[in-house]
Amino acid sequence: MALTRAECLARDKADPLAPFRERFVLPENIVYLDGNSLGALPKAAAARARKAVEVEWGGDLIKSWNVHRWIDLPQRAGAKIARLVGAKAGEVIVADSTSVNLFKMLAAALRMRPERRVILSEPGNFPTDLYVAQGLIEMLGGKHELKLVPGEKVAAAIDENVAVVSLTHVNYKSGRIHDMAAVTAAAHAKGALMLWDLAHSAGALPVDLNAARADLAVGCGYKYLNGGPGAPAYLFVAERHQEAVRPPLAGWMGHAHPFTFDVDYEPAKGIARNLCGTPPIISMSALDAALDVLIEADMTLIREKSLAMGDLFLALVDQECGSHGFKNGSAARHERGSQVGLLHPEGYAIMQALIARGVIGDFRAPDMLRFGFAPLYNRYVEVWDAVAGLKAVMDSRAWDTASFKARAAVT
Ligand SMILES: Cc1ncc(COP(=O)(O)O)c(C=O)c1O
């Protein structure tokens, strides 16, 4: 039986997460299915950024480092993220960008396995993860190697020469989830360390770093954590490794006593040594407030709704757009993250035409239209409206214009 818009509205009515929608600023008449790239704005984050600017910076100036506890904001926000990723409060800290944190963690891993030469990853990993590894290897004089094998073959390719296995938990394009516990166990069986990039998983599905015995991890603040454009990222170091990590970016904020201004570097105890320079307080404040919203929600419900939205989207594409030549580019359901992908040779222009109608997803070259579901603020009826928009774009060939085919800098 065909699915209807009324059924989608009924599902929204019954949705236990529905009240969270009100906690976000979302423009009227827009269906936003790109929270996997840039999360929507939590009202609390806007208020907190305003306070950080006007009250803390504007009113209390430098006193705010103590009075408003700016100084330990990276640890406090990190402790909130720890709850989302199955870590202890002292195992996560907010700092820098994901790319910089990858550099720090990969460098730390190579130092912890000095006799080994290989960083193992997959060609489909997010490019920055690969580029950072390449840059590090070059900087270390080329003695190391970045070995790439297809995702499903990584576990079998780990041997005694692998220092660290570096993977993104949920693939940015296919949305496929790696089995965190199984791959980590395979790495450990050969004495290698395991580094996970959680950019597309934290905040969207249950993650349990410690249950999997992961060694190191990094992740983004601006996707499902809703920290805002360019929000600071975070890193995880398992407690058992924290004293072994010698930060390659040995900055004063990671010093044991930043305000004694010693000549020589002495790493802080624990996770704090992974800080480098002064934290970006305004954006970190926004992220911190956004995290409060997220950690109120039940992650099991988030996961259930995310999968249900993906199922609904794919079923509706079949039902409404069956004749328009889309191929399903999503991972199989049991290993699908919080996004789906449709493949079409005209994907770029179709996405631009769809965005012009108020349905925002994104495009990943060469041919994928990508749609992400953020269960805290997306509604089932929006899934219906998104597919109805897609059908209208396809039926009318609205995409078939020079302006929609002209590539913008960001896709
Ligand atoms: C898996 C993954 N890692 C890292 C990044 C980028 O990290 P950043 O720009 O914060 O350095 C992205 C961005 O989309 C990503 O998808």
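Tutor: Residues are numbered from 1 along each chain as its sequence is written. The model is predicted, with local features needing pLDDT of at least 70 and side-chain atom pairs pLDDT 80 or more, while totals for chains, interfaces and linings use all residues, and side-chain values use heavy atoms, leaving out hydrogens and water.

Student: What makes a residue count as touching Gly-254?

Tutor: A contact is heavy atoms within 4.5 Å. Leaving aside residues up to four places away in sequence, Gly-254 touches several residues, including Tyr-265, Pro-267, Arg-273 and Cys-276.

Student: Back to S10. How do you know that S9 and S10 are paired?

Tutor: Two strands pair if DSSP finds at least two bridges between them. Strand S9 (residues 216–219) and S10 have four bridges, in the antiparallel sense, so they pass the pairing rule. Ala-217 stands opposite Phe-236 in S10. Strand S4 (residues 92–94) also pairs with S10 in the antiparallel sense, over three bridges, and there Val-94 has Tyr-234 as its bridge partner.

Student: Which way do the S10 side chains point?

Tutor: Tyr-234 and Phe-236 point one way, Leu-235 and Val-237 the other, and all are buried. In general, side chains in a regular strand alternate between the two faces of the sheet.

Student: What makes S11 and S14 edge strands?

Tutor: They belong to an open sheet of four strands, in the order S11-S12-S15-S14 with antiparallel pairing. Strand S11 (327–328) and strand S14 (362–364) each have a single partner strand, so one side of each lacks a neighbour in the sheet. Inside that order, strand S12 (residues 339–343) and strand S15 (residues 368–372) pair over five bridges, with Gln-339 opposite Gly-372.

Student: Why is the contact between Arg-48 and Asp-288 called a salt bridge?

Tutor: The rule asks for a side-chain nitrogen of Lys or Arg within 4 Å of a carboxyl oxygen of Asp or Glu. For Arg-48 and Asp-288 the closest N and O atoms are 3.0 Å apart, so the pair qualifies. Arg-48 lies in helix H2 (residues 43–60) and Asp-288 in helix H10, so the pair ties together parts that are 240 residues apart in sequence. Asp-288 counts as buried because its relative accessibility is 2%.

Student: And what are the labels for Lys-51 and Glu-56?

Tutor: Their side chains meet in a salt bridge at 2.8 Å, N to O. Lys-51 has 36% relative accessibility, so Lys-51 is partly exposed, whereas Glu-56 has 3% and is therefore buried. Elsewhere, salt bridges that share partners join Arg-48, Lys-80, Asp-288 and Asp-292 into one network.

Student: How about Arg-364 and Asp-362: what distance is there between N and O?

Tutor: That salt bridge has 3.7 Å from N to O, and both Arg-364 and Asp-362 are buried. The structure holds 24 salt bridges.

Definitions and conventions
Helix = DSSP H or I, 4+ residues; strand = E, 2+ residues; numbered from the N terminus. Buried < 20%, exposed > 50% of the residue type's maximum accessible area, 1.4 Å probe, protein only.
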